[in-house]
Amino acid sequence: MNDGPVLRCAGVSLVLDGAGILDGIDWTVRADERWVVLGANGAGKTSLLRIASLYQHPSAGDVEVLGRRLGRTDVRTLRERIAFSSPALAAKLEPSMTAAEVVMTARYAALAPWWHRYSDADRARAHELLDEWHCGALAAHPFPTLSAGERQRVLLARMLMNEPGLALLDEPTAGLDIGGREELVADLAAWARDASRPALVLVTHHLEEIPPAFTHALVLKGGTTLASGPLRETVTSEILGDAFGLSLKVDERDGRYTARLE
């Protein structure tokens with residue numbers, strides 16, 4: 001896989017309603033990298049992901065996604081090549097859709113099935129992806145009736161509908177029990193090891209949710225970059241303790257991280 005940049009943020013800042021959310025973020029994600037974004041509540045993680053997914057314009061700075069510069073490209077077309085999943089976006093999906101329709105509508109980055117025309121190939125692709133994520137039997141089930149774990153698998157299938165160049169996941173384990181969380185971590189670890197998959201960025205609050213085989217971390221504090229780089233250089237007791245304002249002991253075993261008060 002090409003290891004060139006798929007996302008570049010240069011001096012990105014965001015001010016909303018007079019409040020500074022992000023300040024001077026420099027960040028580059030390459031095609032063969034798998035990133036986790038960490039930080040306390042209010043650090044700016046979700047806002048940064050919304051900018052990367054082209055759903056939010058920064059107040060200052062430059063953003064390039066898949067070689068296209070925000071402000072000089074049609075974001076509606078470019079979004080079709082960016083796989084983005086978040087609890088807020090999932091809540092906006094038309095609730096009458098089946099699992100297969102949820103996946104299929106990603107073809108046009110749509111939230112409902114009636115604004116575009118879909119081909120038999122689109123429907124077949126949606127079913128193939130549901131099978132790949134072990135939820136093919138749920139294709140005809142209404143999306144809201146699925147369990148939290150089943151919904152998340154459907155959303156992962158949706159992310160791959162357009163063979164994207166960049167995948168962004170905002171807190172995908174929200175609402176999952178321990179079993180569902182561990183299954184998802186295993187799924188994302190398999191994604192991370194697969195060189196044919198696109199670059200992946202995961203936002204989470206919890207170190208134990210970092211899948212094995214992830215490569216890099218961006219740690220935010222108060223809307224600024226506290227650390228950025230390879231996991232073992234950034235997910236440390238000192239850096240995470242600073243990020244969360246606590247005395248933490250961070251441990252790593254078999255590619256899984258944990259933290260406890262020291």
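Which residues does Asp-170 touch, not counting residues up to four places away in sequence? Counting contact as heavy atoms within 4.5 Å, Asp-170 touches Thr-46, Leu-49, Ser-85, Ser-86, Pro-87 and Val-203.

This is a predicted model, in which local features need pLDDT of at least 70 and side-chain atom pairs count only at pLDDT 80 or more, while totals for chains, interfaces and linings use all residues. Residues are numbered from 1 along each chain as its sequence is written, and side-chain values use heavy atoms, with hydrogens and water left out.

Asp-170 belongs to strand β7, residues 166-170 (strands are DSSP runs of E of at least two residues, numbered from the N terminus). Asp-170 is buried, yet it has no salt bridge; buried means under 20% relative accessible area, with a 1.4 Å probe and protein chains only, and a salt bridge is a side-chain nitrogen of Lys or Arg within 4 Å of a carboxyl oxygen of Asp or Glu.

| Side chain | Relation to Asp-170 | Distance |
|---|---|---|
| Thr-46 | polar contact with the side chain | 3.0 Å |

A polar contact here is a pair of N or O atoms within 3.5 Å, one able to donate a hydrogen and the other to accept it.

The largest nonpolar core has 52 residues, of which Val-154, Ile-210 and Val-235 touch the most other members; such a core is a set of buried Ala, Val, Leu, Ile, Met, Phe, Trp, Tyr and Cys residues joined through side-chain atoms within 4.5 Å. Apart from this core lies another, of 34 residues, including Leu-168 and Val-203.

Terms used. Helices (H or I, at least four residues) and strands (E, at least two) are DSSP runs, numbered from the N terminus. Buried means under 20% relative accessible area, exposed over 50%, partly exposed in between (1.4 Å probe, protein chains only). Lys and Arg count as positive and Asp and Glu as negative; His and the chain ends are not counted.
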